[in-house]
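Thanks for coming. Please bring up the sequence and the model, and keep both open while I talk.

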Amino acid sequence: MEVSVVIPNFNGIAFLDSVLGSLEGQTMRDFEVILVDNGSSDGSCSFVAGSYPWVHIVELPENFGFCRAVNEGIRAAKAPYVLLLNNDTEVAENFVEEMLAALKRHKNAFSCGAKMVQYHDRDKLDDAGNYYCALGWSYARGKGKDIHLYEKEEPIFAACGGAAIYRKKILEQIGCFDEEHFAYLEDTDIGYRAKIYGYENWYAPKAIVYHVGSGTSGSRYNQFKTRYSSRNNIYLIYKNMPFLQILLNLPFLAAGFGIKFLFFAAKGMGREYLAGIKNGFSISRKGKKVPFSLKHLSNYAAIQVELWANIFRRLAS
């Protein structure tokens, strides 16, 4: 067995038949599925135990968030490759096989992200790899565009944790998902961390997954997501950028956060956005930072060039 599929779940019973049914029909058969339930009250665990007895269920007593759930799944995984999958998805029949093949093609890859297609509009992309730029913006490449775009297998900044495969031995080296995030930007954070250590993240366009989106949080823009996204963005910058790099990017970051505040203020969530920023500074005081090492200096330089280049990618998209 080479792959462990980990599915975090919180009150997602409405989606589980779709995702587990599509995994049951995979062309590749030699993999395990681990459902990590975050204290659901909707009967999710009973449904899965009765309908899909081959799924290993890890039950948590309460909702500890996405990061804790996937970390529990990673710890329970028996295979050398861990494939994270959102509960509100449906995968193509060769999905697991294509994800594994893509990761194996790139010997220095930490992760590969799938081609995510909008579940309810299958002519449009949901995500073709995640990018992060010097403005402090994380964004899904190709979101809302034609599915026939982004057909090339190529490096990305980070893989979207909603459908991504990781090398477990690298997770053991650099650390698993940071549970301080709870949810949002944790996949960008871990992809960023892997790049600091000199690893790559790739986009795997032949691995197709259909994604409902916001299956747990309920909507694309809401107070919870706005607060946690701004909070975690501050924390991500503090954690991954050395102090001098933060100073170098400060004019860009100030502009980026200012534009985002105006955006959310127009939606009536400016207060939530600012509260998240304040909370982000608060959790950064805990001092949990990726240790700086001179041997990674060239990696930091390459990341900085990419952060600048991704501003133009974002504006051009």
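Five bridges join strand β2 to strand β3 (residues 56-60), and the two run parallel. Strands count as paired if DSSP finds at least two bridges between them. Helices (H or I, at least four residues) and strands (E, at least two) are DSSP runs, numbered from the N terminus.

Before going on, a word on the source: this is a predicted model, where local features need pLDDT of at least 70 and side-chain atom pairs count only at pLDDT 80 or more, while totals for chains, interfaces and linings use all residues. Residues are numbered from 1 along each chain as its sequence is written, and side-chain values use heavy atoms, with hydrogens and water left out.

Back to β3. Val58 in β3 stands opposite Val36. Between β2 and β3 the chain passes through helix α2 (residues 44-51), in a right-handed β-α-β crossover. Right-handed here means that, with the strands pointing away from the viewer, the path from the first strand over the helix to the second runs clockwise.

β2 also pairs with strand β1 (residues 3-9), in the parallel sense, over seven bridges. Helix α1 (residues 13-24) carries the chain from β1 to β2, and this β-α-β crossover is right-handed too. In β2, Val36 is the bridge partner of Pro8.

How many residues of β2 are buried? Eight of its eight, over residues 31-38. Buried is under 20% relative accessible area, exposed is over 50%, and partly exposed is in between (1.4 Å probe, protein chains only). Phe31, Val33, Leu35 and Asp37 point one way from β2, and Glu32, Ile34, Val36 and Asn38 point the other way.

Next, the cores. A nonpolar core is a set of buried Ala, Val, Leu, Ile, Met, Phe, Trp, Tyr and Cys residues joined through side-chain atoms within 4.5 Å. The largest has 57 residues, and Leu84, Phe110, Phe157, Tyr166, Phe177, Tyr192 and Leu307 touch the most other members. Helix α3 (residues 66-76) gives the most to this core, with five residues. Setting aside neighbours within four places in sequence, Leu84 is in contact (heavy atoms within 4.5 Å) with residues including Val6, Phe66, Val70, Tyr166 and Phe177. Another core, of 35 residues, lies apart from it, and Val5, Ile7, Leu103 and Ala207 are among its members.

Now a pair of helices. Two packed helices are described by the angle between their axes and the distance between the axes. Helix α7 (residues 223-240) packs against α9 at an angle of about 35°, with the axes 7 Å apart. Axes are lines fitted to C-alpha atoms, for helices over the stretch in contact, and angles run from 0 to 180 degrees between N-to-C directions. On the α9 side, Ala275 is one of the residues making the contact; on the α7 side, they include Ile234 and Tyr238. Ala275 lies in α9, residues 270-284, and counts as partly exposed because its relative accessibility is 22%.

Last, a loop. Most residues other than glycine have a negative phi. Tyr184, not a glycine, has a positive phi of about 85°, and Leu185 has one of about 70°. Leu185 sits in the loop between α5 and α6. Is Leu185 buried or exposed? Leu185 is buried, at 15% relative accessible area.
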